[in-house]
Amino acid sequence: HRVDVTPGDWVAVHGCGGVGLSAVHVASALGGNVIAIDVVPEKLELARELGAIETVDSERVDDVPQAVKGYTERSRGVDVSIDALGIAETVRNSINSLGKGGQHLQIGMTTSEEGGDVSIPVDTMVTDEREFYGSYGMPPNEYDEIFRMMDGGKIDPGKIVTETCALEEVPDVMDRLGEYDTMGIPVCTEF
């Protein structure tokens, strides 16, 4: 709801943790041509299973925005770019992957070292008329739409759940989340 994804739009998702994989899945269900970007090949493979049509291993390319743009028509850049990680590099890569009039959605929060301050290419954003949006969670009044997508078979959130744990294991899982050492979304099922 914060950005417009319509069928045929090019959408880049930077960071394929649980939130990024969810963004891949929803954007694909909305008809977007999704490009997933991450440093972990297994996460990129899961992104493909969730609907990404292209992937970029950001450790294997010198210029992530250029690699992303290379997949789009006439290398014009994506219509929507989502940063689901929040480190300075992914914020800038996301913004620089956009084409003219593109929309950047910032979901990932910055690191404690960055403290919310990240330099961005403001002049390019102005001259290319790029838009910057932030999103912090999904309000309950939007749940019905997600449930309809699930009922209609457009999305299956269960595909993103890659691990279950017991209540006593939650602290260890939380530590692994902070170190980006999980796949998809871990869910506590045993109390």
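Start by selecting strand 7, helix 7 (residues 170–178) and strand 8, which together make a right-handed β-α-β unit. Right-handed here means that, with the strands pointing away from you, the path from the first strand over the helix to the second runs clockwise. Helices (H or I, at least four residues) and strands (E, at least two) are DSSP runs, numbered from the N terminus.

Before moving on, a word about what is on your screen: this is a predicted model, in which local features need pLDDT of at least 70 and side-chain atom pairs count only at pLDDT 80 or more, while totals for chains, interfaces and linings use all residues. Residues are numbered from 1 along each chain as its sequence is written, and side-chain values use heavy atoms, with hydrogens and water left out.

Strand 7 (residues 161–166) runs parallel to strand 8 (residues 185–190), and five bridges pair them; strands count as paired if DSSP finds at least two bridges between them. Click on Thr164 and look across to strand 8, where Val187 stands opposite.

Next, go to helix 6 (residues 143–151) and show the side chains of Tyr143 and Phe147, which sit four residues apart, so about one helical turn separates them. Their rings form an edge-to-face aromatic pair, with 6.3 Å from centre to centre and 70° between the planes. For Phe, Tyr and Trp (its six-membered ring), a pair needs centres within 6.5 Å; planes under 30 degrees apart are stacked, over 60 edge-to-face, and the rest tilted. By this rule there is one aromatic pair. Tyr143 is partly exposed at 37% relative accessible area, and Phe147 is partly exposed too, at 45%. (Buried means under 20% relative accessible area, exposed over 50%, and partly exposed in between, with a 1.4 Å probe and protein chains only.)

Two loop residues come next. Arg74 lies between helix 3 (64–69) and strand 4 (78–83); its phi is near 55°, a positive value in a residue other than glycine. Arg74 is exposed, at 73%. Then select Glu129, in the loop between helix 5 (122–127) and strand 6 (131–134). Glu129 is not a glycine either, yet has a positive phi of about 50°, and is exposed at 62%.

Finish at Asp38, in strand 2 (residues 33–38). Which side chain of opposite charge is nearest to Asp38? It is Lys43, 5.0 Å away, and the buried Asp38 has no salt bridge (a side-chain nitrogen of Lys or Arg within 4 Å of a carboxyl oxygen of Asp or Glu). Instead, look for the backbone nitrogen of Val40, which the side chain of Asp38 reaches at 3.0 Å.

Definitions and conventions
Lys, Arg positive; Asp, Glu negative; His and termini not counted. Polar contact = N/O pair within 3.5 Å; in protein donor to acceptor, adjacent residues only side chain to side chain.
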